[in-house]
Amino acid sequence: MGKVDPAFIQEPEHRPRISYIEGEGFPLIDLSPLHSNNVSAIEGLVKEVGKACKEWGFFQVINHGVPLEKRQKIDSDSRKFFEQSLEEKRKVRRTEKLVLGYYDTEHTKNVRDWKEVFDIAVEEPALIPASPDPDDKEITELYNQWPEYPPEFRETCQDYGQEMVKLACKLFELIALSLGLPADRFHSFFKDHNSSIRLNHYPPCPTPELALGVGRHKDGGALTILAQDDVGGLEVKRKDGEWVRVKPTPDAYIVNVGDIIQVWSNDKYESVEHRAMVNSEKERFSVPFFFNPAHYIMIKPLEELTNEQNPAKYRAYNRGKFTASRRRSNFQKLNVENLQISHFRISD
Ligand code: OGA
Ligand code: NI
């Protein structure tokens, strides 16, 4: 990635600013009440989560219960994997058939991202529809590709995935309560969850003012839990339209509402745009975990959250078909916008 290929260059209005606003007021939530039985502390926590989801769509959590060693292990294995030669990494590259593994050619909104990634399914096989075609009932089984090096890579990622699932379930209970729903309201959607981990590596970029590590986007899943290192670069679009940089907090996770929560909550909690800046001196690593319902789940506003005054704003859509359509457009640069939840919006 030495010379800057025009494929990486953002349109002027989407280029990052080199001076930035650092997350003033960005919510930092202490999850320790979850490990106690203090009812009023939990109620306070539920309120905080609800407020953060509504006002930001993003928050950081501390005292989340994920053992630090597990995070350090995936960080160091990720570094070891990406340090290898391109030739080595390409032995586990993704192809049109093997959609998990390594690649360095992702595009977000048709501009190339300044990054290389490794995708892992948390549960194997991951099941997704073979094609976006609604009449095609075929389901594909996806398997991970595992590199030979580092030697414990597989175990590290699998262990980490289980920790993330536990944390995501706890967060969903808080989100349910914050919407006035029973804590277990979302459980059934995640019975056969289809979640993934992505290892992101953003190499130093000679022109950080022209490119982005990940272009502006919203996460299409239900909930994302991101571990970022101490370099920083994640920016979130605040509700007033300003891009705000999320200051790295050691051992914290950054949580964000994905498109599916937006639909379930009938827009009460919105999925927010974010992007990652790159840096001319430092490489950066991050590890998002994407928590997703099973492929067969139909996503639509929850009945408890809609009524005559507040009718459903979306038509139901199938989670798997949505992903299948996205996957097709992510694999290659296409001259069409990829599928968005707005395509299911009922116009009023
Ligand atoms: C993503 C993402 C941000 C980051 O991978 O969806 O938003 O800071 N990553 O790596
Ligand atoms: Ni994202």
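A residue counts as buried when its relative accessible area is under 20%. Asparagine 266, at 3% relative accessibility in this predicted model, is therefore buried. Asparagine 266 lies in the loop between α5 (259–264) and β16. The phi angle of asparagine 266 is positive, about 55°, although the residue is not a glycine. Most residues other than glycine have a negative phi, and most peptide bonds are trans.

Lysine 109 also has a positive phi, near 50°, and is likewise a residue other than glycine. This lysine is found in the loop between β5 and β6 (111–112). Its relative accessibility is 41%, so lysine 109 counts as partly exposed.

Two cis peptide bonds were assigned in the model, as follows. One joins glutamate 124 and proline 125, with omega about -10°. Proline 125 has its place in the loop between β7 (116–121) and β8. The other runs from tyrosine 149 to proline 150, with omega near -5°. Proline 150 is found in the loop between β9 and α4.

The metal site was examined next. The nickel ion (ligand 2) is coordinated by three residues of the chain: His217 through NE2, Asp219 through OD and His274 through NE2. The distances are 2.1 to 2.2 Å. In sequence, the spacing of these donor residues is H-x1-D-x54-H.

Polar approaches to ligand 1 come from several side chains. A polar side-chain atom of serine 286 lies 2.6 Å from an oxygen atom of the ligand. For histidine 274, an N or O atom of the side chain is 3.0 Å from an oxygen atom of ligand 1. For asparagine 200, the corresponding value is 3.4 Å. Taken alone, ligand 1 exposes 290 Å², of which the protein buries 95%.

The nonpolar interior was then considered. In soluble globular proteins, nonpolar side chains tend to be buried together. Here the largest nonpolar core has 64 residues. Phe186, Leu223 and Trp264 have the most contacts inside this core. Helix α4 (residues 153–178) supplies the largest share, twelve residues. Phenylalanine 186 is in contact with Phe172, Ala176, Leu179, Leu181, Trp264 and Leu302, leaving aside neighbours within four places in sequence. A second, separate core has ten residues. Among them are Phe26, Leu234, Val246 and Ile254.

Glutamate 106 sits in the loop between β4 (101–103) and β5 (107–108). Its relative accessible area is 8%, so glutamate 106 is buried. The side chain of glutamate 106 makes a polar contact of 2.7 Å with the side chain of lysine 115. Another polar contact, of 3.0 Å, pairs the side chains of glutamate 106 and arginine 198. Glutamate 116 is ten residues from glutamate 106 along the chain, and their C-alpha atoms are separated by 8.0 Å.

Serine 131 has its place in the loop between β8 (126–129) and β9 (139–142). With 17% relative accessibility, serine 131 counts as buried because the value falls under 20%. The side chain of serine 131 is joined to that of aspartate 136 by a polar contact of 2.8 Å. Beyond neighbours within four places in sequence, serine 131 is in contact with Asp136, Lys321 and Ala324.

Terms used. Residues are numbered from 1 along each chain as its sequence is written. Chains are lettered from A and ligands numbered from 1 in the order in which they are written. This is a predicted model: local features need pLDDT of at least 70, side-chain atom pairs count only at pLDDT 80 or more; totals for chains, interfaces and linings use all residues. Side-chain values use heavy atoms; hydrogens and water are left out. Donors are N, O and S atoms within 2.8 Å of the metal (3.2 Å for Na, K and Ca); water is not among the atoms, so sites may look incomplete. A nonpolar core is a set of buried Ala, Val, Leu, Ile, Met, Phe, Trp, Tyr and Cys residues joined through side-chain atoms within 4.5 Å. Buried means under 20% relative accessible area, exposed over 50%, partly exposed in between (1.4 Å probe, protein chains only). Helices (H or I, at least four residues) and strands (E, at least two) are DSSP runs, numbered from the N terminus. Contact means heavy atoms within 4.5 Å. A polar contact is a pair of N or O atoms within 3.5 Å; within protein, one must be able to donate a hydrogen and the other to accept it, and residues adjacent in sequence count only if both atoms are side-chain atoms. Accessible areas come from the Shrake-Rupley method with a 1.4 Å probe; for residues, only the protein chains shown count as cover.
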